Amino acid sequence: MKAYRITSKYLVLLVLFFISSIVFAGMSSKDTICDYSSLIQKYQSEIKKKMKSLKVQGISVVLIDEDSVVWIESFGYADKENNIKATSTTKYMIGSVTKLFTAFGIMQLHELKKLSINDPLQRHLPQFNMKSHFGDINKITIRSVMTHHGGIPSDIFTHLVSENPNFTTTVNYINKEYATYPPDFIRSYSNSGYTLLGHMIQEVANEPYIEYINKNIFNPLGMLQSGFLVSNDYPEGFSKSYNSKGKPDKEYPPRDVPAAAIYSNANDMAMFAVSLLSNEHVIVSQKTLKEMLEIQNKSIKLDLDAKYGLCWSLTDSKAGLIAYHSGASKNHRAMFAIAPYSKLGIVILSNSENGGSIGSLCRKILEYAAKIKGVELDIEKAYPKYPDYKKINNVKLTEDELLKDTGYYAAPGMCYIIEKRNQKLSAKLQGVRFNLIPQENGKYLPQIIFLGIISKRLKKVRYFFDDVNGHHILVQEQMFSGSKSIIGDRIVPSEITGDWKKRLGDYSMITNISSMDEEIFSDISLEIKNDFLNFCLTINPEKQKMEFPLKLINENEGQMMGLGRYGGGTLQFTKNKNGEETLLIYGLQMKKNNLK
């Protein structure tokens, strides 16, 4: 069957609004015929298997080749209880993929010279006046916020979801917080940052953010079934929501509308992909799109080898560079990816909490499609050869070589010690003991210890220590992809003075987090462990215990140690109007339980 070609007005694809669970395989927009039937057959089977094992109830998939939809299919149910099948018109929350639309809105204003992305954020959002231990906040540019390098706290949890969200209140909460890091120091993902960017669009364009996106992106692309969830009144065709056990759950409207509130369907998201892959650049120019896909963080050492564009995450592949963004609401999941060199794109939408695992197939599908198209790459340049860790060559290090990396390490939400045991290093991370067995080239093979006697080697990863930008870090490196992530930053304890010691104990929440039924945080406390003052809490419903060691700045402020998202936040003690001392962090206010 011929693939549907999408014209400049996108009228042909609108026909797809009335078609459900159909597979297209055939001709691309060029004269060359591409037969995607083998790809479709392979991944139909794999998706169905994963859905069953992961208890995923509904999935919609679209594969795009230039201006043609070559595969569009839905699996499972939009509403299992009422036997309503998922279709290409089923609406899903796309979560953080919303940020791409906010980014394109900014780039439109950049093209119109109503702003420059190198301008300070405060110039176009004068309400923004966040506190900082790192100097002038005018060094925080629009560009740095778009790439998550602005040092803006990841989330403001007060009123995180609401029946009537008002995202313009976020700046008021942010102004009570401190910057987490200096600008352009390390990537630290920030929903709050994109909420501020959406607020900025509203200020610069002089019209409501939602109206701006509708008028300048959705309407020109024909994305007429997409919109923003800003109340508990779900739009027609909106999928039910399913938790990790495959049971019905709820979706809630997020306060951070420009960061996470868009709902869409497979048909509309296909049109968005086509606008980026075809020669008809509807929402931004080719020059602007190229800039958005360029690596922005080459000089940021603590990002290691990770690559980020303007809003996009970037990765090398056998289809060429892939630019992608994932998204998650309470249970809905989304993945959007394009391979510009191969002119391929893919969208995977799901209504289930575990659906993100199926979204991970995007890269494999794009690479398979590129192979079918006969895309030719200089593999050595476009897809570097990464170390093969199948060979295990244990080496013996001297005692001094082992001792130089011992000490306490922090990652956001945890603190652990690395110590020398026999001829290896050993650590206990979130209750799990693991050894680091020395290998060649300064790498370590991780070995997990179960029940104190049973061990398992993680052969597909290696750990190594490095000194980067004044930090002694522990890095995890993945085999094949070569991707690196910081899993620890060596730390030293602060002197815990009398005022801080008086604050030890349990705390209760004062502020309302959301209109959701369940309690998100519990077991909140300040406690001393291994000479570190730790801010501790439990995240529900997973019951995950988090420990944030604090670097004490003064008698009333302590900074969470660890590099990355949720690291760098400043715990503040202030007094309320009644003279009671309260604790503030990420918009949450708490007070000590025994306060009278």
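Okay, let's start at a turn: a hairpin connects β27 to β28 through four residues. Strands here are DSSP E runs of at least two residues, and helices are H or I runs of at least four, numbered from the N terminus. Before going on, this is a predicted model, where local features need pLDDT of at least 70, side-chain atom pairs count only at pLDDT 80 or more, and totals for chains, interfaces and linings use all residues. Residues are numbered from 1 along each chain as its sequence is written, and side-chain values use heavy atoms, with hydrogens and water left out.

β27 and β28 (residues 557-560) run antiparallel and are joined by three bridges; for two strands to pair, DSSP has to find at least two bridges between them. L552 has G558 in β28 as its bridge partner. The β26–β27 hairpin has four residues between the strands, and K543 takes a positive phi near 60 degrees.

Now, aromatics. How many aromatic pairs does a search of the whole structure find? It's 24, counting Phe, Tyr and Trp rings (the six-membered one for Trp) with centres within 6.5 Å; planes under 30 degrees apart are stacked, over 60 edge-to-face, the rest tilted. Take Y409 and F465: the centres are 6.0 Å apart and the planes at 55 degrees, so this pair is tilted. It links distant parts of the chain, with Y409 in β15 (residues 407-411) and F465 in β21 (residues 461-468), 56 residues apart. Both Y409 and F465 are buried, meaning under 20% relative accessible area with a 1.4 Å probe, protein chains only (exposed is over 50%, partly exposed in between). F465 also pairs with Y444, edge-to-face, at 5.6 Å centre to centre and 90 degrees between the planes.

Last stop, the inside. The largest nonpolar core has 75 residues, and F104, F128, M146, M269, F272, W312 and F336 touch the most other members. A core here is a set of buried Ala, Val, Leu, Ile, Met, Phe, Trp, Tyr and Cys residues joined through side-chain atoms within 4.5 Å. Helix α10 (residues 266-277) gives the largest share, eight residues. Apart from that core lies another, of 29 residues, including A339 and L361. And F104, F272, W312 and F336 turn up again among the members of one aromatic cluster.
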